[in-house]
Amino acid sequence: MAEATTRIKLGRYDFTAIETRWQAYWAEHQTFKVNNPGDFGQDGKKPKYYILDMFPYPSGSGLHVGHPLGYCATDIVSRFKRMRGYNVLHPMGFDSFGLPAEQYAIQTNVHPAETTKKNINTYRRQLKMFGFSYDWDREVATSDVRFYKFTQWCFLQMVNSWYDEQATWTAPDGKAMVGQARPIAELESALVSGEWGVDESLNLVRHVADEHFCKWSDLTKAQQREVIDGHRLAFIDEISVNWCPELGTVLSNEEVDNHGRSDRGSHPVFRRPLRQWMLRITKYSERLIDDLDELDWPEPIKLMQRNWVGRSTGAEVVFPLANKWEIKDGQWSCTDAATTMPTSLNYDSFPHAIRVYTTRPDTLYGATYMVVAPEHPLVEQLTIDAQREQVSEYVAATRRRSELDRTMDTKEKTGVFTGGYAINPVTGKPIPVWVADYVLMGYGTGAIMAVPGGDSRDFEFACKFDLEIIAVVQPTSDWIEQRLSAMTSKIDQQALDGFNDLSNDCPQLGEEIAKCRQRSEGLGEKTLTVLRDGVGLTKLVNHFVNNPRAWGGPFSGEGVAVNSPGESGVAVIADSCGLNGKTTTEAKSAILDWLEARGVGRSAVNYRLRDWVFSRQKYWGEPIPVLHGEDGDMVAIEVDELPLALPEMEDFKPAPIADGDDTVPMPPLGRAKEWVHVERDGKTYRRDLNTMPQWAGSCWYYLRFIDPENTTRICDSEAEKYWMPVDLYVGGAEHAVLHLLYARFWHKVLYDLGYVSTREPFKKLFNQGMIQSFAFRDARGLVVGPDKVDALDGDKFVLKDSGESVERIVAKMSKGLKNVVNPDEIISQYGADTFRFYEMYMGPLDASKPWNTRDVPGLHKLCQRIWRLVVDEETDELSTALSDDAPTPEALRALHKTIKRVQADIELLKLNTAIAAIFDFVNILTPLEKRSRAVIEPFVLVIAPFAPHLAEELWSRLGHDTTLAYEPWPGYDEALTVDDEVEIAVQVCGKMKARITVAANSDDDAMKEAAMADDRVAKAIAGKTVRKVIVVKGRLVNIVAT
RNA sequence: GCCGGAGUGGCGGAAUCGGCAGACGCGCGGGAUUCAAAAUCCCGUUCUCGCAAGGGAGUGAGGGUUCAAGUCCCUCCUCCGGCACCA
């Protein structure tokens, strides 16, 4: 009895032994080591394939089952490509700097270097357990000083270069380019030599001969420095940032929650202007959009990037301040005697004016007031004494709120009148200037012209503060209909009063409106009918044009311009501006000409993208390699002084500081006294105390994998030319915008400076889906984890405590719900090959799908069934069914079909259906008494990318003495993938009636004949006339009979 | 609010160009094997009416185009993701 129950079959599928053995073999033989061009043993004739995973952040909790989803897929492709004859670069590393490590270190009081090392070891061990074919000799970690030496090197490139928007150059591939990052020394020498100059406001002037400019040598040292530093790609600027005094650091927007509090610790966060390192990513806005076209990326991701950059076209317009300007004799005339007037007025030189950006210059004459952001530099000057107290209070209150908080309550607009006026340059009328937080300093010019007749935000604001509203575009009938139906549920007094005017022409309407007033609900059905039929569309449109306030909202679409000033407009340069009757497109171009001719505006392109705030007041990051002199002098350290290592510090915690107007962040590095102070040429310098954000390392790590040991360059340029670009980049969609945008920007800088050979780093991008988990919801909607639930037969679930039945739902894996699956457990129970099969079989790679451990044994069974195709479990010898005879035609056909399906599916990353094809093959082969080696051996190669340990073991048992990793992928014969006979469907009037078998090459007539011959078909068309017969070769016959 | 993506059996999911809906796996039911069980192998499994032969319905809802619609068009609903006063 005991013997029977404990008997272990000698030759059972022992995945633990097999996986251990082959992982050791690969390591020992360096099976997956890949060489660079010029290295010994590198076959330069082979095509290359660079396949990259988004490297993980090594957290304290280890890998969860979501990480390997993408890694399994890339490993399958890597192994497949090797068998297809490619040199495959497939590396792995760790994104090991960052806030979570530091926070964890603070909580546990262990140095982040130590926890990071430990976590990386855990991750590496786990990753190896899956049998991934990484070249581990190329492993990198961003927190390794050998790595971040070059992160700092990249940063210095940006400090030491500027963006020349007008540079025209030819890219290595022959493309004509406009705009280029160039060494800052080139700018400096052009200025020193007098080839270029600067104007009064220190803007760069490139043709000094014909323009007013300042002589470089006449500028003070400080001014020269301002010009140069102001052009660097990495620069210091005072900008409004998320400042968390409690944590003593600036936070990124992602680190601030909806309530304006810090993600960690829930401390209040404020918008504060602080001096920060910035990277001039905005200079690349256009290229970041344009170059997306050449990428094989999912369209939604490209769209998200385009939206993030947020390109819009419109106009910049000058609104002269009313207390400084008047229109005299058809000319703008400045009333301020102290102002020296520029030779000619244009957008840039126009003094004493508010500058705005608008996408709808065609609506300029409808601008009845203006709004400036609370942070706008002109607020002070615009505010009259009587309003000063109110304005200051408003500005201070805004500053106390975080930006997110500010954008939270979109329902109620707030704002204060400054008392100041500006002149609408089209109508010549002075309009009031308000300050309100619905205008953001960070976009456009931080000031807007408000067109309440054509913009919903302005409309809302105008209604609340009772400002003038002018209709600017004739509404469409669709819009009228939509407004009317909106008013059936709610209508305000103002609107009813407005409609009253119409009842003069239509007495019926008067009665209806009186009824509406009594009901005090919306418009009734009958009222609508009266409005539509009695009053009519034309009058309704006109009514909006004359009385927009009555319609409860603006018309912001495109259409025909109305109410433009025409002859009564401002007579600057003896002309006026009539746009009436023009379409939006026509009106835009007409007004732009008008504005430009008068020096009060110009066409403009604007971007939502902002420059990248690059400093963090944190310990665990790359130190910024810059020295600050006492006189404000800034010196980037020399490249050959790199790396600038993080100082060893016992106490790396940030210091909390009370919020006050004069408190500044005190980064932990400030306490490394010896490290901070540097003597150079007899001068004392202080090191920059900031570190870089977590994104920095991941912006270029894919280059380091190419040549990780190089001590003098980011990577060897021959190797870079060989391997780049990354052919396939797989990772989560959560990085769709930030990481991928930052990396593309960084790459383009290196490209402009000649360090890399491709415009874009990642040719093809694939986003894997999220692995979710099950959770349960009770009747009250409360979500509970699986640990609190019992499953009753099949799919009934009840609470363990109460027996109350609960519904199974799909939720994110989270520690709180205790529904996190640990891959170590799955592997120890079923093995890595089963795990790989399961994750790939769950569904499409890019879809989110729930982990269901119940399904795992099915894939384990697949491994066992494959095992038994080759090995006799009783004897541990090769199965006696294996034969050297030629395969049966059926078996051979099954093999070739399988190869074809699997191969096509891998290319498309449809790994779930590739595995279904493997199942099909196993289902066909299993019942056969004889299995030819000529079928089994190629099949073992087919499963090798998916289940490499199992495949290697079987391959070896079949008598091969080297790894199969570089065996050629078995080809297939197209002729053997099609059957001689096919089953086709026969429909009568589109309804399935029968299935018949015909020869695969039957022509239409033969198929038709065979279909007609079938009893069931004959019965269905009996007594009817056949009108038409549709034949689809090899698929179906459809008989239309009536 | 705007922009994306997706809704198919009890569950995960298949389905080139519009051409047999539900491949494959899980679960479930039945059988073989076994003293018995596990494991294995075989058969069945969209729902519904019917003893059966056979009929009817069916891809989130409703319309439309077509000989033929999961697939194309229109309207709407739900879920997921992104952005969110961007002038």
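Trainee: What makes up the secondary structure of chain A?

Mentor: Chain A comes to 34 helices and 37 strands. Here helices (H or I, at least four residues) and strands (E, at least two) are DSSP runs, numbered from the N terminus. This is a predicted model, where local features need pLDDT of at least 70, side-chain atom pairs count only at pLDDT 80 or more, and totals for chains, interfaces and linings use all residues. Residues are numbered from 1 along each chain as its sequence is written, while chains are lettered from A and ligands numbered from 1 in the order in which they are written.

Trainee: Why is strand β15 called mostly covered?

Mentor: A residue is buried if 20 or more other C-beta atoms, placed from the backbone, lie within 10 Å of its own; it is exposed if 12 or fewer do, and partly exposed in between. In β15 (residues 416-423), six of the eight residues are buried, so the strand is mostly covered.

Trainee: How do you know that β15 and β16 pair?

Mentor: Two strands pair if DSSP finds at least two bridges between them. β15 and β16 (residues 430-435) have five bridges, in the antiparallel sense, so they pair. For example, A422 stands opposite I431 in β16. The two strands form a hairpin with six residues between them, and G428 in the turn has a positive phi of about 80 degrees.
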